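Hi,

Here is the structure I said I'd pass on.

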Amino acid sequence: MVRSMGPISEVDMTYSMDCYFRQSWVDRRLAFHAAQDTLALSISMLARIWKPDTYFYNGKQSYLHTITTPNKFVRLHQDGRVLYSSRIE
């Protein structure tokens, strides 16, 4: 989800963008049975699960948005589907 975009430089062929980058994948090892359909995981758990090694092709510069804590969330579904979101500028 794009929050904002610009400025755009036609001379340098560059632009800047502030967005929420969301990814979803299935890891059957994380499947669970409980009353809740989904679990919100802490950011510390993010370091303990497999994540895709995603990169932006031809990206010049990017960084993860942090204020006092990283701007990320992780949600786990019963079937092992993981939803991961991070704010990138």
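A word on terms before anything else: I call a residue buried when its relative accessible area is under 20%. Keep in mind too that this is a predicted model.

On confidence, the protein chain has a mean pLDDT of 84, with 85% of its residues at 70 or more. Strand β3 (residues 38–41) comes out highest at 93, while strand β1 (residues 2–9) is lowest, with a mean of 82.

Now the fold. There's an open sheet of five strands, ordered β1-β2-β5-β4-β3, with antiparallel pairing. β1 and β3 sit at the edges, each pairing on one side only. From one strand to the next, the twist averages 20 degrees. If you zoom in on β4 and β5, you'll find five bridges joining these antiparallel strands. K72 is placed opposite S86 of β5.

The structure has two aromatic pairs. In one of them, the ring centres of W25 and W50 are 6.0 Å apart and the planes are at 85 degrees; that angle is over 60, so the pair is edge-to-face. W25 belongs to strand β2 (residues 14–26) and W50 to the loop between α1 (43–46) and β4 (72–77), so this pair ties together parts that are 25 residues apart in sequence.

The other pair is W25 with Y84, again edge-to-face, at 6.5 Å centre to centre and 65 degrees between the planes. Here too distant parts of the chain are linked: W25 is in strand β2 and Y84 in strand β5 (residues 81–88), 59 residues apart. Put together, W25, W50 and Y84 make up one aromatic cluster.

Are W25 and Y84 buried or exposed? Both are buried. For W25 the relative accessibility is 9%, which is under 20%, so it counts as buried.

M17 has a relative accessible area of 31%, so it falls in the partly exposed class, between 20% and 50%. Which residues does M17 touch, leaving aside neighbours within four places in sequence? Its contacts are V2, S4, M5, I88 and E89. As for I88, it is 71 residues from M17 in sequence, yet their C-alpha atoms are 8.1 Å apart in space.

That's what I have for now. Happy to go through it with you.

Cheers

Key:
Residues numbered from 1 in each chain as written. Predicted model: local features only at pLDDT ≥ 70, side-chain atom pairs only at ≥ 80, totals over all residues. Heavy atoms only, no water. Phe/Tyr/Trp six-rings, centres within 6.5 Å; stacked < 30°, edge-to-face > 60°. Helix = DSSP H or I, 4+ residues; strand = E, 2+ residues; numbered from the N terminus. Buried < 20%, exposed > 50% of the residue type's maximum accessible area, 1.4 Å probe, protein only. Contact = heavy atoms within 4.5 Å. pLDDT = per-residue confidence, 0-100. Pairing = 2+ DSSP bridges. Axes fitted to C-alpha atoms, helices over the stretch in contact; angles between N-to-C directions.
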